[in-house]
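Here are some questions and answers on a single chain. Please look over the sequence and the model before reading on.

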Amino acid sequence: MKIQGKMFIWLSAFLLTVAIVYGVWSKEPAGTTALFLAFGLSIMVGFYLGFTARRVDVGPQDNKEADVADDAGEVGFFSPHSWQPLGLGLGGAVAFLAVAVGWWLMYFAAPLILLSLWGWVFEYYRGENRTQ
């Protein structure tokens, strides 16, 4: 994690330089603001990764002699058969369509998003997947 933290800190220094140069030359507020916000996000992620790297064990990515196989292992648990992301994606698509077509579509999008989100969060607390 130390490597990633250093990369984000260097990226934030680059973004700060670019934001200042862009702001002085272009005098355009939207792009300058976006670059300063990108600088802020980059420095937050960099400091978080650097702060966390001091409290966890050294990972294989920090070892210069490590092989790819050293980082192998279980990544996490991913649901192989969940239909909830599909409903959430459809609800999000209808919500974005509501911005273009009419806000009345939000009446259809909001319940779909809420039901899909509710189902996704509590998917393994009920039904046949309760014991997993």
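Q: Is Tyr125 buried or exposed?
A: The model is predicted, so local features need pLDDT of at least 70, side-chain atom pairs count only at pLDDT 80 or more, and totals for chains, interfaces and linings use all residues. Residues are numbered from 1 along each chain as its sequence is written, and side-chain values use heavy atoms, without hydrogens or water. Buried means under 20% relative accessible area, exposed over 50% and partly exposed in between (1.4 Å probe, protein chains only). Because its relative accessibility is 63%, Tyr125 counts as exposed.

Q: Where does Tyr125 lie?
A: Helices are DSSP runs of H or I with at least four residues, numbered from the N terminus. Tyr125 is in the segment after α4 (106-121).

Q: Why does Thr32 count as buried?
A: Thr32 belongs to helix α2 (residues 29-53). Thr32 counts as buried because its relative accessibility is 14%.

Q: Which backbone oxygen does the side chain of Thr32 reach?
A: Leaving aside neighbours within four places in sequence, Thr32 is in contact (heavy atoms within 4.5 Å) with Ala19, Tyr22, Gly23 and Ser26. At 2.7 Å, the side chain of Thr32 reaches the backbone oxygen of Glu28.

Q: How far apart are the end C-alpha atoms of residues 88-121?
A: The unreviewed UniProt entry annotates "transmembrane region" over residues 7-25, 31-51 and 88-121; such annotations may be inferred rather than shown by experiment. Residues 31-51 are 100% helix and 0% strand, with end C-alpha atoms 30 Å apart. Residues 88-121 are 85% helix and 0% strand, and their end C-alpha atoms are apart by 12 Å.

Note on methods
Helix = DSSP H or I, 4+ residues; strand = E, 2+ residues; numbered from the N terminus. Polar contact = N/O pair within 3.5 Å; in protein donor to acceptor, adjacent residues only side chain to side chain.
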